[in-house]
Amino acid sequence: MSKILPIITHPNPILRKKSEDVNLEEIKSPEFQELLLDMETTMLKEDGVGLAAPQIGKNIRAISIYAEGKKLFLINPVITKKSWKKSWDEEGCLSVPNIFGQVERYKKINLIYFNEKGEKQKLITSNFLARVIQHEIDHLDGILFIDKAKNLKKLNY
Ligand code: ZN
């Protein structure tokens, strides 16, 4: 049974550290597989479209995504190509609750990463999924969307 993990919020310094690559030999270990499933469960429970490992307190390069009907785990992702076209759209973050703002991202990216089986994958993606992936990879480098956003607004409930 997978668990819901506590989400770390800004300004916790864990969110500002550059995360380390996952050791490829560890991907198939039961502990790492459990961590991935826990990240996915946590993301789905919180209605997120993506969750990066630093957000649950681990400075390793692992991401869970659920966007446009695609569930993906990205391990050690690297963007290999960026479109010159960029676009602005609204973003929020589970680690920066109730804050939203406009962020500029590349429209299309090429990516290499390892999946949950430790297999090397290539992905070319655009628009919303490309935006989510860029947001999550920023987390692995200690960058939050509020660093790049304009027109930040706070929603009060
Ligand atoms: Zn985020």
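In this predicted model, five strands form an open sheet in the order β1-β2-β3-β6-β7, with antiparallel pairing. The edges of this sheet are taken by β1 (50-52) and β7 (120-126), each of which has a single partner strand, so one side of each is left without a neighbour in the sheet. Averaged over the sheet and with direction ignored, neighbouring strands are turned by 40 degrees against each other.

**Sheet and helices**

- Strand β1 pairs with strand β2 (residues 62-67) in the antiparallel sense over three bridges, and within this pairing Leu51 has Ser64 of β2 as its bridge partner.
- Helix α1 (residues 30-45) packs on the sheet, where it touches β1, β2 and β3 (70-82), and its direction makes about 40 degrees with that of β2.
- Helix α2 also packs on the sheet, touching β1, β2, β3, β6 (108-114) and β7, while its direction makes about 155 degrees with that of β2.

**Nonpolar cores**

- The largest nonpolar core has 16 residues, of which Ile63, Ile65, Leu74, Leu111 and Ile133 touch the most other members.
- Two or more residues of this core are given by each of the elements β2, β3, β6 and α2, and the largest share, six residues, comes from α2.
- When neighbours within four places in sequence are left aside, the contacts of Ile63 include Met39, Leu51, Phe73, Leu74, Ile137 and Leu140, and Glu136 is also among them.
- A second, separate core of 15 residues includes Val22, Ile27, Leu51 and Ile75.

**Zinc site**

- The zinc ion is coordinated by Cys93 through SG and by His135 and His139 through NE2, at 2.1 to 2.2 Å, and along the chain these donors follow the spacing C-x41-H-x3-H.
- Because Cys93 lies in strand β4 (residues 86-93) and His135 in helix α2 (residues 127-140), the pair ties together parts that are 42 residues apart in sequence.
- Cys93 and His135 are both buried.

- Strand β4 and strand β5 (residues 96-106) run antiparallel and are joined by seven bridges, forming a hairpin with two residues between them.
- Within this pairing, Glu90 stands opposite Gln102 in β5.
- Strand β5 is also joined by three bridges to strand β8 (residues 150-154), again in an antiparallel arrangement, and here Phe100 has Lys153 of β8 as its bridge partner.

**Backbone details**

- The peptide bond from His10 to Pro11 is cis, with omega near 10 degrees, and Pro11 lies in the segment before α1.
- Asn76, which is found in strand β3, has a positive phi near 50 degrees although the residue is not a glycine, and at 10% relative accessibility Asn76 counts as buried, since the cut-off for buried is under 20%.
- Asn151, which is found in strand β8, likewise has a positive phi, of about 55 degrees, without being a glycine, but at 59% relative accessibility Asn151 counts as exposed, since the cut-off for exposed is over 50%.

Conventions: Residues numbered from 1 in each chain as written. Predicted model: local features only at pLDDT ≥ 70, side-chain atom pairs only at ≥ 80, totals over all residues. Heavy atoms only, no water. Donors = N, O, S within 2.8 Å, 3.2 Å for Na, K, Ca; no water. Helix = DSSP H or I, 4+ residues; strand = E, 2+ residues; numbered from the N terminus. Buried < 20%, exposed > 50% of the residue type's maximum accessible area, 1.4 Å probe, protein only. Pairing = 2+ DSSP bridges. Axes fitted to C-alpha atoms, helices over the stretch in contact; angles between N-to-C directions. Contact = heavy atoms within 4.5 Å. Core = buried A, V, L, I, M, F, W, Y, C linked by side-chain atoms within 4.5 Å.
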